[in-house]
Amino acid sequence: MAPVIYALCAITSMLCSWLLLRGYRRNGYRLLFWSGLCFVGLSINNVLLILDRVVFATSVDLMTWRLATSLIALLPLLYGLIWEE
């Protein structure tokens, strides 16, 4: 059941990033851009989670890469929330 949930989370974050970036392209609100970039990074994080827990279950540990991508994913959103008007 866990691989199904991981896949659904990855699909949901990819869909959110697509919708946010599409909304930015239509309206031009910069907070949508920063949120879309955040969700692109979170999508990468979810794909790494699938690779870590399902594909390379015992041979490779991707915990450091997952933590790094989640930190990098949140930085554009933090920037957009602080510096954008």
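**Helices and a patch**

Author: Directly after helix α1 comes G28, with a positive phi near 85°. Keep in mind that this is a predicted model.

Reader: ok, and how far apart are the end C-alpha atoms of helix α1?
Author: They are 37 Å apart. Helix α1 covers residues 2-27, and its 26 residues should span 38 Å at 1.5 Å a residue, so the two values agree.

Reader: which residues of α1 are buried?
Author: A10, S13, S17, L20 and G23. These buried residues pack against α2.

Reader: why would residues a few places apart end up pointing the same way?
Author: An α-helix has 3.6 residues a turn, so residues three or four places apart point the same way.

Reader: now N46. where does it lie?
Author: N46 lies in helix α2.

Reader: buried or exposed?
Author: N46 is buried, because its relative accessible area is 17% and the cut-off for buried is under 20%.

Reader: what is it in contact with?
Author: Apart from neighbours within four places in sequence, N46 is in contact with C9, A10 and S13. A10 and S13 are among the buried residues of α1.

Reader: new topic. which residues form the nonpolar patch on the surface?
Author: L31, L71, I72, L75, L78, Y79, L81, I82 and W83, with about 980 Å² of accessible area together. Helix α3, residues 63-83, gives the largest share, eight residues.

Reader: and where does L31 lie?
Author: In helix α2, which runs over residues 30-55. L31 has 41% relative accessibility, so it counts as partly exposed.

Key:
Residues numbered from 1 in each chain as written. Predicted model: local features only at pLDDT ≥ 70, side-chain atom pairs only at ≥ 80, totals over all residues. Heavy atoms only, no water. Patch = residues over 30% accessible without salt bridge, like charges linked within 9 Å, V, L, I, M, F, W, Y side chains within 5 Å. Areas by Shrake-Rupley, 256 points an atom, 1.4 Å probe, with all protein chains shown as cover. Salt bridge = Lys/Arg side-chain N within 4 Å of Asp/Glu carboxyl O. Helix = DSSP H or I, 4+ residues; strand = E, 2+ residues; numbered from the N terminus. Buried < 20%, exposed > 50% of the residue type's maximum accessible area, 1.4 Å probe, protein only. Contact = heavy atoms within 4.5 Å. Expected span 1.5 Å × (residues − 1).
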